[in-house]
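Have a look at the model below before reading on. The notes after it walk through a few parts you can find for yourself.

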Amino acid sequence: MSETAERAPEEEVAALPPTPGLGGGFWGGVKRVGAVLAQQREATVFVVAVLLVIYFWRTAPSFLTKDNIVNVSQITAPVAIIAIGEVFLLVCGEIDLSVGFIFAFSPFLMHYLIDYYGVPAVLAVIISLLMGVAAGFINGFITVALRVPSFIATLGTGFILFGLMLTTSNAYPANIPNKAQGIGHWIGTYAWAEITWAIVLVLIFQVVLSRTRWGLHTVAVGGNILGASEAGINVARIKYAAFIMTGFMGALVGLQEAFRTNSIDPSSGGYQPMFYAIAAAVIGGTALAGGSGTVIGAFLGSFVLAALTDGFNLIGISANPEPIIFGGAILIAMIANVQLARLRRAGRMT
Amino acid sequence: MTAPEPDGQPQAGGQSPADGQSPADGQSPADGQSAAGSADAMAAEGALLRVEHVAKRFGAVTALSDINLHVNRGEVLGLLGDNGAGKSTLLKILCGFQPPDTGRILLDGQEVHLKSVDHARSLGIDVVYQDLALIDELTVYHNMFLKREKVIWPLLNNRAMRKIARERLDAIGIGLKSVDVPVARLSGGQRQAIAVARAVYSDAKVLLLDEPLAAMGAKEAALILDLIRDLKERGDLSIIIVAHNYGQAIEICDRINLLQHGEITFNKMSKDTSVQELNDIVIEEYRRALLERQKSA
């Protein structure tokens, strides 16, 4: 499903044209289904995900055991949740490099509030999430109001947050406050908590992106910012919303990971989850140039990255070549996206 | 159709209002004008949209120095001028995209302060830009309803928008196979027609078209000219068309205004002017500019 070029899939399949060259019979049908799949931005990554599952299941049967599925889900979820925000930002033509540092700072803030200031756990969690919202707002302000490119703006705020976290924590890890253990179960401690959050948020924001005015205007801003502005869309509001949402997601994932690992670690977060989230978005069909993207695609992209990480581990491949595979996957995905988008624009994939 | 008021020849020959000729709108009829000029001023009094002494500067550059014009109900006004004359700036002021520095705008006799494109649209002034303001990635129907989407809260009512877009495009004779395709796949003429259709069906009273025929082939231009003719026949929509092609403007518009160096310097009914006359005015301006350059050198 794509938020752009709104399609009614059921109608399209029903009215599938007898495309010249596709022919009839079984293979014609297969080709037509292939053509429809190729039109869906998520189709490529979905096929890749299925092939990976089959490959790792065949080569390492433990890949599909319950424990390993939990493991894969816990790698997928944080990347997928951050990717939701990055998809909105990329679609409207921006990016957030600071989200990994919001991730790192939010559990420390919760710890300070509870252990040093006696703030109730629920309130401390809410304030930590609001810190993410505030960081997102500041990123939006610097980008929209002060007109600093978001790449630079968020690079700067990311470093500031990183420095704040290191300075206040003296770069030492901290324990999860006892008072927060209860709420922590629902946020990230339970085995399926993170992936449940991820799936619910992905579904909600896929609908937001593809079926609401907010989503439509986000695509419009990324597709043609002048045109969107001339049509009366409040471009600034759309961008602020995307930055704020990304900040919130970063803070949420920071808390989830802290509860899951039962530790507040200054080395968690940073650039890695942010880059993985952007990679997941791009692999899932989001255009870096803006104007198109899907949240479900980003979720599938997160799963592909998680399956690669986990699968290589299971079949005994060293972690060292992983970045080569990731880099190759991103490049292949981008090349495929660009070429498929070109064909779609030219109307050769109807 | 236009009420062919005796618009007269208030400003023939590209002379400025300071030349003692009857001015464009917004000036008192008691300035010693001709009877035709007075009639024009009276028509301006009853105009649907009236612009008085509007000026706009961008830093050291004066885009508009003193604009006075009007458009009557159901009239098609052609706004001509050279590149950089200020036509697009004037349109952006009239559609609420940017405010004027000075001057005032009256709609139905009431002064309005256009705060945004949305605000102007809510008052019945809509615009189709030269750059179309269409979003390539969105479908035809999403583009047609952009910023005024049909919603069953909180979701878009795509079914309704698809149906209405289909009906509207059929009604104005734009034959598209599907409204589900992204506009990137359409021709320039089809895109322009969709942009016009979007504005027409926004309950607009005044429609501003910024160079609707720019960069179009004859076939595509014919599609848009036919569409404008149909709108003229409806008689309830006032249209201001910014154009470069004098022949097309005279053919489709009821009245022609010429914008030169930030002022309206020419105001005639189309039937009373010709491409030759407009060309002569512009050539005269070039000659004058050339002389000034030679003198200063």
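## What you are looking at

This is a predicted model, in which local features need pLDDT of at least 70 and side-chain atom pairs count only at pLDDT 80 or more, while totals for chains, interfaces and linings use all residues. Residues are numbered from 1 along each chain as its sequence is written, and chains are lettered from A and ligands numbered from 1 in the order in which they are written.

## Chain A overall

Chain A has 15 helices and zero strands; both are DSSP runs numbered from the N terminus (helices H or I, at least four residues; strands E, at least two). Of its 350 residues, 49% count as buried, with buried meaning that 20 or more other C-beta atoms, placed from the backbone, lie within 10 Å of the residue's own.

Now for contacts, meaning residue pairs whose C-beta atoms, placed from the backbone, lie within 7 Å. Taking the contacts in chain A with a separation of 6 or more, 79% come from residues 24 or more positions apart.

## Helices α3 and α14

In chain A, α3 (residues 43-59) packs against α14 (residues 295-314) at an angle of about 20°, with the axes 9 Å apart. The axes are lines fitted to C-alpha atoms over the stretch in contact, and angles run from 0 to 180 degrees between N-to-C directions. The pair is therefore roughly parallel, a label for angles under 35 degrees.

On the α3(A) side, the residues that meet α14(A) include A:F46, A:L52 and A:F56; their partners in α14(A) include A:L300, A:F303 and A:G311. By class, this contact has 13 nonpolar, three polar and no charged residues. Here Ala, Val, Leu, Ile, Met, Phe, Trp, Tyr, Cys and Pro count as nonpolar, Asp, Glu, Lys and Arg as charged, and the others, Gly among them, as polar.

## Helix α13

How many residues of α13(A) are buried? The count is 10 of 13, so the helix is mostly covered; among them are A:M274, A:Y276 and A:I283. After α13(A) comes A:G285, with a positive phi near 105°.

## Where chain A touches chain B

On this interface, 23 residues of chain A are in contact with 28 of chain B. The elements of chain A that give two or more residues are α10 (213-223) and α11 (225-230), and α10(A) makes the largest share, five residues. The chain A side has eight nonpolar, nine polar and six charged residues.

Methods: Buried ≥ 20, exposed ≤ 12 C-beta atoms within 10 Å, placed from the backbone. Parallel < 35°, antiparallel > 145°, perpendicular 65-115°, else oblique. Contact = placed C-beta atoms within 7 Å.
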